[in-house]
Amino acid sequence: MSRAHDMGGRFGDGAVTPEPETPVFHTDWHARALALTLACGALGKWNIDVSRHARESLSPTDYARFSYYEKWMAGLADLLADTGLVSREELSGQAPVQSGTNDRMLTADRVASVLATGGPADRPSDIAQQFAPGDAVITRRLNGNRLVNGGHTRLPGYAAGARGRILRFHGTHILPDSSAHHLGDAAEPLYAVAFPAAELWTHPEHPGDEVVLDLWQSYLEPAA
Amino acid sequence: MPHDHSDHPHSLLPSDPDLRVRTLETILTRKGLVDPAALDEIIDTYAHRIGPRNGARVVVRAWTDPAFRKALMEDATTVVAGMGYYGRQGEHMVAVENTDEVHNMVVCTLCSCYPWPLLGIPPGWYKSDAYRARAVREPRKVLAGFGVTLPAGTAVRVWDSTAEVRYLVIPQRPDGTDGLSEDELMALVTRDSMIGTALAGRTG
């Protein structure tokens, strides 16, 4: 029930190659791809969870062969077609038709304020906080989206069915499993949960090492 | 799932990445959905104005001002916003401090989450399959690739950024840096030291 993006802990990847702080963009089209994605996001037709899910829904073959910003462009093109902002004919090369929803176009003078405003993910919730720092918890054994088969979720496979302890409470945040599918914010308590490396890996590097994940309350059950 | 089939709309665009981006920009511009001047402004912002020097300023203040450090550890979002560092991909900030006992390191195994207002756009290696796959399982081998070897008594705590909370590592202040100016201290605080793949004051 996994998708190609859920790669934490995977074997077989090579070296991580450090690089200097500049240049930020290695080619013009990387910069253009980032800017196009942000500008289209400002049209308000989708949220960050929807856009993540669009990239994750690329075929495993495309996900693996595309470079980072190629994934962004493919996800963006799919979203533009899905939402009707751009037609399949236009993507195929037919003359573009003026959009009826261009009143939301991001103009240069609004860029600074849009970037500075951001999009906070905390929301009020009726769901009571069930855990406190120090509590022992177990993550769901099956990490699939429970609302939509094959849908978006933020519980990585490597941390499914693992025993950890609550490290901190972050407040109540939008649930991506719902938000990614336009099913509403469904905010619920969010926690940082610490897992001993030996709980996650057959051959942990060091007995004291830990991995911490931010996990929603519905991903967790109390541990005895 | 709308696209769990073979005809993803993106495949209608040219496959060469450079041409694909230019084609998409042309379509969107001609439809009146994208303003090329806004794209230039976004690129200029992240190429030149918002980057890791913001985070370095926060780290140096934490090193030199105990009251600031205490406030930062308690509520980083408010404290860094007070320095003008807030916005997209930095709406919920948490600072984690390296000590002799714990070394912190940040990854996003599922995508590429990163604290943009403090560190800018993530480097290529942070977004690579190799880092995303390996950082959680073998952080010490990954650190070795950056030239970092930790003492046996130091535990590694890897933060996998699975929600909208963004983590800033506060590296340890190097010994022998008393009396340095703010600018001299900032030069010690590399981008990688604030992700946790380097120690402050050391390159590579």
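# Reading the contact between chain A and chain B

Visitor: Which side chains meet in a salt bridge here?

Guide: A salt bridge is a side-chain nitrogen of Lys or Arg within 4 Å of a carboxyl oxygen of Asp or Glu. Here the side chains of A:R10 and B:D129 form one, at 3.4 Å from N to O. Chain B and chain A share 10 salt bridges.

Visitor: What should I know about the model?

Guide: This is a predicted model, where local features need pLDDT of at least 70, side-chain atom pairs need 80 or more, and totals for chains, interfaces and linings use all residues. Residues are numbered from 1 along each chain as its sequence is written, chains are lettered from A in the order in which they are written, and side-chain values use heavy atoms, without hydrogens and water.

Visitor: How many residues does each chain bring to the contact?

Guide: Contact means heavy atoms within 4.5 Å. Chain B brings 89 residues and chain A brings 106.

Visitor: What is the area buried between chain B and chain A?

Guide: The size of an interface is often given as the accessible area lost when the parts come together. Buried area uses a 1.4 Å probe and is summed over both parts. Here the figure is about 8,500 Å², and carbon and sulfur atoms give 60% of that.

Visitor: Which strand of chain A is joined to β3(B)?

Guide: Strands are DSSP runs of E, at least two residues, numbered from the N terminus. Two strands pair if DSSP finds at least two bridges between them. Strand β4 of chain A (residues 210–216) runs parallel to β3(B), with four bridges joining them. In one, A:V211 partners B:V158.

How values were computed. Buried area is the accessible area (1.4 Å probe) that two parts lose on being put together, summed over both.
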